[in-house]
Each structure stands twice: as C-alpha cells, then as structure tokens.
Amino acid sequence: MKKKHPFRKLLIVLALLAAYACAIILPYSRQPAVTADTASRFSAAAFYGDGDSGERAYVISDNGEALAERIRLISQAKEEIILSTFDFDADNSGKALLAALLDASRRGVRVSLLVDGISYTTGILGNAWFQALMAEENVEFKIYNPLNPLKPWNFMGRLHDKYLIADRTAYILGGRNCYDFFLGSHDGYKNYDWDVLVCCEEGANFPSMEQLRAYFDSVWDLEDCRRVKKENTEKQEELALLYRRMQEEHADWFQAVDYREFTVPTRRIQLLSNPIEPRVKEPLVFYSMTELMEQAKENVSIHTPYILCDGWMLEQLSDICQSVPTVEMMTNSVANNGNPFGAMDYYVNKEKLLESGVNMLEYDSGVSYHGKCFTMDDRIAAIGSFNWDMRSAYLNTELMLVIDSPELNAALREEMGSYEQDALKVLDPDSYDLAPGQTPQPLTPGKERFLKILHLVGYWARFLM
C-alpha cells in the first residue's frame, strides 16, 4: 500500500487558502488609467462661478460642534434624513445619533441609513442599539457591499463616504465617521477632522443638494446594497431616555438657528465622486482634484492623514509642483501616524515625495490628524473623505466637495493654519527646519523595527491599505 504524505492535507488547506487570498486581492492589483473620455470632459472652469449662487457654507473643525450640528439637523428635520457613513459605533456619540434618529422616525420623518459592510459586520451586526432603530417603521437600513465569503472578489471595494442630509434644507459632508474618535467632546483618544455644512438661501436653487441626493440614490439602488430589518425593541426606551437627557443637558443643540448668520456665500459648489460599484475604479476624484490644482496661479495647500502613492499619482503631484509656485502638503509624522501602513509608507517614501517638489509639513502633536482638505489660491476650498492613498484613488467610493468661495477659502486656510503652525517643516528625509521650542516626537526603536518588518512583509499590499 502506498504511504500517504503526512503533510498532504495541510498542503491542500494552504493551497486553498492561498487561492482564496488571490481571489480577494488580484481583482484590485491593477490600477486603471484615466480614460480619454474622462480627460476630454474635465474642465477647470466648471468649478468656478460668477456671483452669489445662493448656496452658503461653513467649516466645522471642532469634534464637539460636529456632533452638535448633526443632532441639530436631525432634530429639526420634518420629512427626511439620510445618513451615509463608513463606520458607525454604539459608543457615546453613536448612541446620541441613534437616539436622535429614533426620535425623528417617531415624529414621522423618513430615515435612510447606509453603512459600509465592514462596519456592519464588526460593530452593528447583532447590536441591540442599532436594532432598536431598525425596528422603527419609518427607518430603512442598508449595507453597502456586505461581506460575502462566496464573493471574495468584492471584499476590498468599500463605501468611504460620510454625509448627513436633512430634508432639502441642509447637509453636512466631510471625513468624520460616526463614533467618539470623531464626534463629541470626550476624553481619551480622538482624531481631528473636517466637515462642511451647506445650506441655501430661501427660494434659491440648491444644485449641490441635488448632486448629493442623486449620488445617494445611485448608491442606495445598487444591487450590491442589501436592506436589513430587525424587530428588536429592547433598547428603544433607553434611547428615548438618552434623547430626553440630551435635550436637558444640551438644550442649545436643539434650538433652531439661522444658518445665514455664520455661513458664508459661495459662487459654485461641485461634488466629486468615484465610481460606486465595489470593484477596482477609475481614479476620478484624484484625477479631478489634481488637474484642478494644476490650474492654480499662486499656491495649493493639501492636508491628508497619510500618503501612499503609485508612480502615476506621484507624477500628478510633480506636475502640480512644476505648474504652481508654492505647493504645500501636511500629513502626520511617522511617529504621530495612527495608521501603521501610512506610517510605514511615509517612512519609506518620504524622499520620493520631496523629489516631486512639494513642501512637506508633518503634524506631530500627539493626536493623529485625520483631515482631508485642500485650498487653491484665494477662491477654491475642498473638504471630503479622500485620503492621498491608493485605496482612496482606486478602491473606495469617495466624495470631495469643491467650493468656489473666497470667504470659505479664507476660513479654511485659517483653520488649517492652526495645525500648520505647530507642524514640523521638512528640509530633507532626515532633518527639519525647527521653530523655537519645537522637538520632534522620537521614533521609538520598537516602532522603527515594526515599520521595517512591515515594509519587508507587507509593502506589496500597499495598494490595499
């Protein structure tokens, strides 16, 4: 009798696992080029307007204010609320949002909630707090691209959009997820990020609202989105009690305000979006942003938490630097970066970035910076969900709101400057032009070893991170 190899079963299992991993990764390993049709349709003039458009905007820079304004919009809604987000947790701020949405649904407001499939699997599936909201008659809950082990080729296509729409009166769009790292005035770990609140003069057209509504409808109607309904009312009374407590402790959150008092006029607002299917994508948002930046006459300033660029993305950055006198980019320092792959990639590729001609600043203040925005000259300001990485360029749905407004540009530049004044000015890969009193965070030997190991074993996967 022929003797069986003792490791044969193990080898078969490993081969199957390897084949499954390939089914997950290989569909996203090729980065599509921008098509000739996309290039021919791009027009920088489309982002500029003449005169007051009737749309008004306001930068939300503070995490506490970001939660308050979301609660205010939800509490004032009369007909419909749309909330789309990558990540949503039932922590303090997450429960506050759930409580406000539950109250709105009981007032007869239609609530549509869209969440990415990873967030659903890791934090919402089986969670009684979310099920309490799902049980309401006026609530529809959908998952974008639910994780399906029978469709591994879809795993990496994720929903990264973050916005809230209240009726057709106002919306908030930016880079904040729905949990304590991004929302509320809480102790402990946090991320700094940006939103923009947009409203409209009474009686004026609201084209950016229609753009965003049309975008939402296109995603909501995808076959890759699945409706979820759970009849679990266990936590409903606790959410109702939490809402009443918020009304008592934060009465100002529930007061109607005249947004015209603190918003500024805009000339035009344009929504940039990637393709919406959970497949590898043509890099529409990145291409449009960089082509627009190349038209700047004096300066471009970019903020991003991490930078992971392929060769074409670096070429686009180089083209901007060759065309524009001053191009500045702020990102987290290696020591300050909360994303291990982002820290590793910047550690390895800082020199390549500097060779593009960009002036690098590193945020190094101990709290991971998560802001995604840019300004051009004294008119264009943009805020959204797009990180300067290959995942945002080719894999995720992403949104950036590009606003032509000298007033908003000035406000965003002032807010960005509050971070930049404490940032490290990079001279070369190994040194800084330090201001008096500045001392860079040390990169600990342990973290440096970790980054080197990650580079050796995981650099090949940078397009997924």
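This is a predicted model: local features need pLDDT of at least 70, side-chain atom pairs count only at pLDDT 80 or more; totals for chains, interfaces and linings use all residues.
Q: How do strands of a sheet pair?
A: They pair through backbone hydrogen bonds, either parallel or antiparallel. Here, two strands pair if DSSP finds at least two bridges between them. Strands (E, at least two residues) and helices (H or I, at least four) are DSSP runs, numbered from the N terminus. Take strand 1 (residues 55-60): six bridges join it to strand 7 (residues 195-200), and the two run antiparallel. Alanine 57 faces valine 198 of strand 7. Strand 1 also pairs with strand 9 (residues 264-265), antiparallel, over two bridges. There, alanine 57 has valine 264 as its bridge partner.

Q: Why is strand 1 described as largely enclosed by the rest of the structure?
A: Because five of its six residues are buried. Buried means under 20% relative accessible area, exposed over 50%, partly exposed in between (1.4 Å probe, protein chains only).

Q: What is the strand order of the open sheet?
A: The order is 10-18-16-15-11-13-14-19-20, nine strands with mixed pairing. Strand 10 (268-273) and strand 20 (431-433) are the edges, each pairing on one side only. The twist averages 25° from one strand to the next. Strand 20 is joined to strand 19 (residues 424-428) by three antiparallel bridges. Valine 426 stands opposite tyrosine 432 there.

Q: At what angle do helix 11 and helix 14 cross?
A: Axes are lines fitted to C-alpha atoms, for helices over the stretch in contact (heavy atoms within 4.5 Å). Angles run from 0 to 180 degrees between N-to-C directions. The axes of helix 11 (residues 340-355) and helix 14 (residues 445-458) come within 9 Å and cross at roughly 90°. That makes the two helices roughly perpendicular (65 to 115 degrees; under 35 is roughly parallel, over 145 roughly antiparallel, the rest oblique). Contact residues include Phe341 and Met344 of helix 11, and Phe450 and Leu454 of helix 14.

Q: How many disulfides are there?
A: A disulfide is a pair of cysteine sulfur atoms within 2.5 Å. The count is zero. For cysteine 178, the nearest cysteine sulfur, that of cysteine 225, is 16 Å away.

Q: Is cysteine 178 buried or exposed?
A: Cysteine 178 is buried, at 3% relative accessibility. Cysteine 22 is partly exposed, at 39%.

Technical notes
Residues are numbered from 1 along each chain as its sequence is written. Side-chain values use heavy atoms; hydrogens and water are left out.
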